[in-house]
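Biologist: Could you walk me through this model, starting with the words you will be using?

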Amino acid sequence: MNHFELATSGPAAGELACEDVPLSRIAEEVGTPVYVYSSATLERHFTVLRDALVDAGLKDPLIAFAVKANSNVAVLRTLARLGAGADVVSEGEIRRALAAGVPPERIVFSGVGKTEPEIAFAIETGVAEINLESEPELHLVNQVAQRLGRRVPVAIRVNPDVSAGGHAKISTGKAENKFGVSFSEAERLYANASNMAGVRPVGVACHIGSQITDLAPMEAAFAKMRGLVERIRAEGLHLERLDLGGGLGVPYFNQPEPPSPAAYAQMIARATQGLDVQFAFEPGRMIAANAGVLLARVTHVHERPEGRRFLVLDAAMNDLLRPAMYDAFHDIRPVKPRPGDTLAYDVVGPVCETGDTFTRDRMLAPLEAGDLVAFMTAGAYGAAMASEYNSRLLAPEVLVRGDRYAVVRPRPTYEDMLDRERMAPWL
Ligand SMILES: *Cc1c(COP(=O)(O)O)cnc(C)c1O
């Protein structure tokens, strides 16, 4: 469920609005392309997930929002105020989480290639746990912590070797993927870590992929995780936390429907029944995707005499990379739907790449130059993955609450863009 609906009353009746703010107003006042987020949807998704987990019998789970899905500090603060933690993968993300007011004891530091300065920064920040992805990383964290005179809580990230996730580029839980260690390695590393002065193993973690719409592979992975917890405890080692990652899918255009948060929570309760651990989750997409749209304006409608009809927008692959990178499909909705039969459009941006094609042969209500369209379900892996490719300015971000909105990342100016660069002294 989300809060982007056609307004039923007021001067903008019949137009797409975010909560009580017509999208056309944001387009007029902030310009396009622009990302628009709904506070109510962010809050609803977080609360629905938490309630589902608690109702399924998981007491006091840590829900650490995956910052990489949407890194805007205002979005992070909206979630932090509800009690969300943060799953971070770089020093930059730790700094964002702190700036948003996420307490360090709710920050989980994941990622395959944490550098020494990043590890030191995380330890000094006092993060809840560092999720270790390999044996060399265990040794590095141990060394850095000892140098700082600390003993840092760590979890071992396991790669459960299951296939999940809608696309090969977002599947992380197969043995050939770079993430985590095998179950037998995890047991060995856990035991080794227990004897190290700089680390204190507190749990095990997994994250098997993203945009998962079938619970079966997750359940298989979580059942294996449960076995691992039991084996580690049977060796007399202390283990208090089980981090089951993120990955729950969302409904993209024409794609399989994801399971409900309730079904997800019940599956977890089933797979981990009787296990006395503190649960942690790292959802990104399921919290943020439906809470955002990318709003764009039609620059031209270019009809080729031989048949194709191109809808050329002022948004491009640098603003929303998912279609080019993951063959992703976003629903595209006109902001003020015009009457008339739908037509087939190839929806493209102005970037000089064939990959800058959002979709082909999409049936849409008739559109004209100047019309606004919204890419739905763009609140996750949208703005966070944007670049300035083709020297296009980063799209701004707007956060709506009720009948108010705030520009939470302004559009940079061309001076900002050029000011970041320097001439070489010999030029
Ligand atoms: C990306 C990522 C997540 C979030 O995945 P979603 O599919 O957005 O829920 C969680 N944990 C880790 C370690 C990740 O890399």
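Modeller: A crossing of two helices is called left-handed if the near helix is turned anticlockwise from the far one by less than a right angle, and right-handed if clockwise. The model is predicted, so local features need pLDDT of at least 70 and side-chain atom pairs pLDDT 80 or more, while totals for chains, interfaces and linings use all residues. Residues are numbered from 1 along each chain as its sequence is written, and side-chain values use heavy atoms, leaving out hydrogens and water.

Biologist: Which hand is the crossing of α2 and α9?

Modeller: The crossing of α2 and α9 is right-handed; helices here are DSSP runs of H or I with at least four residues, numbered from the N terminus.

Biologist: And which residues of α2 and α9 meet there?

Modeller: From α2, V48, L49, A52 and L53 meet P261, A262, Y264, A265 and I268 of α9, where contact means heavy atoms within 4.5 Å. These residues divide into nine nonpolar, no polar and no charged, with Ala, Val, Leu, Ile, Met, Phe, Trp, Tyr, Cys and Pro counted as nonpolar, Asp, Glu, Lys and Arg as charged, and the others, Gly among them, as polar.

Biologist: Now the ligand: how many residues surround it?

Modeller: The ligand is surrounded by 14 residues, each having a heavy atom within 4 Å of it. By class, this shell has three nonpolar, six polar and five charged residues.

Biologist: What does the side chain of E282 reach?

Modeller: An N or O atom in the E282 side chain is 2.5 Å from a nitrogen atom of the ligand, and a polar contact is a pair of N or O atoms within 3.5 Å.

Key
Polar contact = N/O pair within 3.5 Å; in protein donor to acceptor, adjacent residues only side chain to side chain. Helix = DSSP H or I, 4+ residues; strand = E, 2+ residues; numbered from the N terminus.
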